[in-house]
Structures are given as C-alpha cells and as structure tokens.
Amino acid sequence: MNWKNIGSLLVCVLVAVLPSGLGAAPANDNFANSIALPRTSTIVTTGSNVGATLENKEALTLLNPVGKSVWWSWQPPTNGTFIITTDGSDFDTVISLSTGSSLSLMTKVAEDDNGVDGPFHSLTASLVAVQLYSNTVYRIAVCGLGADTAAAEGNIVLKIQPSNDMFTNRTVLTGPIVQVVGYNSLATAETWEPNVTAYLPGNALSSSLWYQWTAPATGRVLMGTLGSSFDTLLCVFTNTTTPPTMTSTAMKLVSTVSATPTYDNNHGSPEEAGGASLVALPVVSNQVYYLQVSGATLGGENMTGRLLLDIQPDNNAFSNRTFLTGTQVTSEAPNGRASYEGIEINFLSGTELLPNGKSLWWEWVAPTNGVVTIDTRGSRSGYNDLDTILALYSGSSSHLNSGTDVQLLCYDNLGADPVGGELYSLITMGVVPGQSVKIQVQGQATSTPDISFGQVRLNLNFQSGPAHDLFADRKVLPSVATLMDTANNARATFERAETNRLVFTNLNDLRVTIGKTIWWSWIAPGTGPVTITTEGSSIDTLLGVFTGNNVSNLTLVARNDDDETTGAVWSSVTFSAVAGTTYQIVSGGQNSASALDNAPEGVLVLKLAQQTAPPNDNFADRLTLAGHRVLTNGFNQNATSETPEPQHTEYSG
C-alpha cells in the first residue's frame, strides 16, 4: 500500500469539504441538519452563516439571489398567525419558510428580503407573517443576500412570535413595567377599528398592532414607543362591554383628568428624530386598557417597521419618584410629557443653566460609606444625544413643598469633556450609610434642533469606602507611647458634621479644608507631650486631634496643615496628653477649594510618639517629703507646665 498517495488523497478530501468562508461550516448548514426549535409561541435564538454553503435545489424556489444558508425547523404549539424575523442580525438576510421532509419535496410558504422597513431602521432585516398550523413542521432557512459564495454573511438573530395584527389576537401584557417588541410591516387595519382620522385629520388607519394591559395599581403611568423605527400613533382605549366586543362603538378612547384624549404621535421625541408617541395616563387598579399602535404618516415610507412599546410608572412627580436599589443600576424613562411642580422652579434658579422643566425623579439610599457616580450617558433624543441637567438633593420629605428639608446638593450639565460632541451629565459624590439621594433629570433648553426631551437614561455606580472613613467606625489604636499606622483614603467621604471643626489656616494664612477623611482613636498611656505626624504620606495632608465622643460635638486639641518646622506638605502636631484621656485623630487630603469630595486620595501614614513626663510633673501628683533632713533627686525632662500653673519668678517653667 502506498501511504504517500493515501496521504495526498486525504488532503484532497479535506480541501473539498471545507467551505469557502472563514472557519468550519455551521452545524445547521445543511437541510438535513436543521436545528429543532422548541414548540413555544415565542422564540429568540442566535446563529451564524459564516462559512455556510448552499445545497443543490435550495435556491430553486427563491426569488432573491442567495447563498450561505443555515436551517432551523419548528412546529407551532397552536394554530395562528406568526411573525418570523431576522431583526437584530448584522448582515443583509433573506428568510425562507417551507414545508417538506427533504429539499426535493420542499414547498415554499413565504419568502422575504427586507420586510422590516423604515428609513429610521436597518433595511437588511427580513420578516414573514403567515398563518401556520400546529400539525405541521416548518423549515426556516436564513440566507445571505447575494449569489452563492458572494452572499452576505454574519451573525443571525432569529425571532418567532405571535402576530398581534388583529384585536382578537392582541398581545396580553402584565406587570407594572413592560417592554415589548412588535412588527407592523405586514399588519393591516380591520374594518371596525376606530378611525385614526378623528385624531390625525387627513390620515387613514393602517398597519395597526393591538395590546392589552391590566393596571396592577392605581396611579400615573407612561405608555410610549420611543426607540421604534417608524413614526407611530398610539391610542389607548377601554371597552364598555363585558366581555369586550370587536366594534368601534364599544371601544372608548380614554380621557385623562384634564380631558385630554389619550392618543399621541410626537411626544416621545422630536419629530425630526422619528416621531415617537408618549401618553401620560392616570390608571385605575384592575382596569383593562387596550393599546393600538399604527403608523402616523399615511402613505409614507416611515409608517411601518420595528415597534418598541414601553409601559412604566410615571416618575415626573417628586412624590412618585422611582426608587433605585443596588450598587450598579440603570433606569430609563421618557420626559416628553413631564412638567414642573411648583417648588422645582426655585431649585436651580440663579444658575447658568436653562432647564426646560421636563423633570423626572429618582431616589437612592447609600448602603454604606463610599463614592457614588451618577450620569446620564446614553440618554437619547431620536438619533441625537439628549442634552440633560442632572441635580442631586438631600432631605427626607416625601413631597415638594415650601419649607421642607429638601436641599440642592450639586448639579451638572456637562460632567465630562464631550467626545465627538457627546452630551451627558455626570456627578461623583461621597455618601455615608443610609444617606438618601434624590435625583432630578431634566432637559437643557435648546433652540434648533430641540434635543431637550426624549429617553432619559440614568446610570448609577457605587463603590464602598475604607473601613475607618466615618467617625463612628474610627480605628482604635493600641494604648502605647510609640506607634505607626497606615490607611488609604480612596473613596473616603466627608461627614457633614465635620465641616465646622476641620478648617485650617496654612503657613501662608490661607483657609484650607480637609476632605476624604480617615479617623483613629487613641488613649494616652501616660502624661506627657505627644507628637503626631503624617510624614511619609503620599498626598498633601491635614491633621486634627480632638476630644469627645460625638462627631457633632468635638473639642479641638491641635490641628495642622503643613509641618511648621520643615514646611513639608505632611502635617505635624504636638500637645500635652493626659494619661487615660481618649483622643480622636483625623487625617485626610488637603483641599483649598470648597468641593470636599475632590480632595486628593492616597496612602496616609500616621506616626505617634509620646515622651512620658516625670511622675510628679503635675501639682496633683507632687511627691511628699518627710523628715528634718531630706535628700532626693528628680528629672524635669519632658515635664510640662499646667494651664493654671503660676509663673515661677519672672520666667515660665
């Protein structure tokens, strides 16, 4: 046997079966290897046609030039109209739906190239909407547009869901927060449906989708289509019959408390950015609401496409603010229908900002001490950035009224240097355990284009601080005469009660403040002078020593900015300590500005050395001498002079 020839034959065989694309062919490249999908009504699966091939006879029944096909099989759980789409794929797809147990017996049911249309959306996604039957297995092929090996290729997202074109097949939504994707590209208008011309004169209803939602609680909600690929019209109805009937006379357009009909086609974002709809509606617990979404432009190319429908509580009012939990949170809400409450106008008065009054509210409570960063990155006004104003408030009041304890802490319009014109607000702030932060976001009023309303995205990130950041958590040092300790004040905070007790004057008589503080506690083992320094610290420090057990009621013993002997940026204090007395020691970054949270961070080195005074240093500890003749000796090294001690002769001792 000639092994050399066999080796050559093996090489030839391998070359023959490798696809022309990159890598091996997908597992479901061939019809016979179709991936079976579960028998559920809603499916989202992913795949790829990179390296796929096209079998003989595959393209014979297709109208579009295709290649690089991959296959799935699916049997519907019930009879009904279903939507099958490749929306979300990253290349130009063609979708084919067929029946048959082999390629030679295949019968095409539907085919599509660019069924998900609209100028505000990708023109490459395919979609079919057809009546399917539960006793039939359907074959789904996703191909790249183009002839054979020149066909497009990439990552595939394949979605299957029931069609909600008809009122009887409406999608039932549940819960206080809902987000659902729909497609109206092949939708129709039933003859009985309420006519859109009553709301948008000159237009005729077409391509409508239907949803049903039961309010879980009484309150105000937002129903919107922001993020949809076409210009939408959203109408909200109730039904006067039980059970509901499919007649236009039985469907009643809901009215708000202000008698404004609940239909909308342009309050989600500016018209030039896509014409999203937004309804702000007071709802009643257990009331059923019917939502009708259709294109708002008669005969226009931007009347069908991908629908993104949101229902969520309306956090326009301070009293209805959204409560956030966790250390990394993202929350979104539209502000197109938001408005000012009376006292809100005063909060940012006198600033250089131009708020548009479309305010939304959140609240977050710090789980421990640390630093929280809040920004509005990702907020959108159509395809533009939403120009936001972010403001943070303190206070525990449950509503906005004059005289409450709600106070403005800080605000920002452009929290970081915009990159490529990017607009967002950003605030970083130190917080203490249990601190409640009220968050307000509104638009910055602009002229053209108006990008002051749309979809607000609020991002919150919290990082906990060091263990001995707070006075209550101060580190207890051993009661010894000489010691050294280190700490890092990264992400340390500044308790508001510290403010009036930690103001320093440096060597140039300039007022400086301390920020991002670390606390220690030390009991003097004896009486005598003690020197505490931060020599060796990596940052410019401040140092303070106090007595007392409450951060709001401390008594200053000594404080220092820069060492007065050397002029170094590390700090040094010397004072006379009394045995058994507890001293509270604080150090942090030196900050000449008023923004305490911007103080420098780094390694803090604390060095302490006490020189023990003679046992008879103080009057109260005087030694008693007895007898007619006495010989004794003593040393006054490290002795001190007591505060009430009289001056001896003309000199102090």
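This is a predicted model: local features need pLDDT of at least 70, side-chain atom pairs count only at pLDDT 80 or more; totals for chains, interfaces and linings use all residues.

Reader: With which residue does K68 form a salt bridge?

Author: Side chains of opposite charge can pair when their charged atoms come close. The term salt bridge is used here for a side-chain nitrogen of Lys or Arg within 4 Å of a carboxyl oxygen of Asp or Glu. The partner of K68 is E153, with the closest N and O atoms 3.1 Å apart. Because E153 lies in the loop between β8 (138–145) and β9 (155–162) and K68 in strand β3 (residues 66–74), the pair ties together parts that are 85 residues apart in sequence; strands are DSSP runs (E, at least two residues) numbered from the N terminus. E153 itself is partly exposed, at 30% relative accessibility.

Reader: How many salt bridges does the structure hold, and which residues are joined into one network by shared partners?

Author: There are 11 salt bridges in the structure. In one of them R306 pairs with D87, their closest N and O atoms being 2.8 Å apart. R306 belongs to strand β19 (residues 306–313) and D87 to the loop between β4 (80–85) and β5 (93–99), so this pair links parts 219 residues apart in sequence. D87 is buried, at 4% relative accessibility. Through salt bridges that share partners, D87, K159 and R306 form one network.

Reader: How many cavities of 30 Å³ or more does a search of the whole structure find?

Author: A cavity is a set of points, on a 1 Å grid over the protein atoms alone, where a 1.4 Å probe fits but cannot get out, and its lining residues have an atom within 4 Å of a point. The search finds 2 cavities of 30 Å³ or more. The largest holds about 60 Å³ of space, and its lining includes L222, D310 and Q455. β13 (219–224) and β19 are the elements that give two or more residues to that lining.

Technical notes
Residues are numbered from 1 along each chain as its sequence is written. Side-chain values use heavy atoms; hydrogens and water are left out. Helices (H or I, at least four residues) and strands (E, at least two) are DSSP runs, numbered from the N terminus. Buried means under 20% relative accessible area, exposed over 50%, partly exposed in between (1.4 Å probe, protein chains only). On a 1 Å grid over the protein atoms alone, a cavity is a set of points where a 1.4 Å probe fits but cannot get out, and a pocket is an open set with protein on both sides within 12 Å along at least five of seven lines; lining residues have an atom within 4 Å of a point. Grid points are joined across faces, edges and corners, and a volume is the space filled by probe spheres set on the points.
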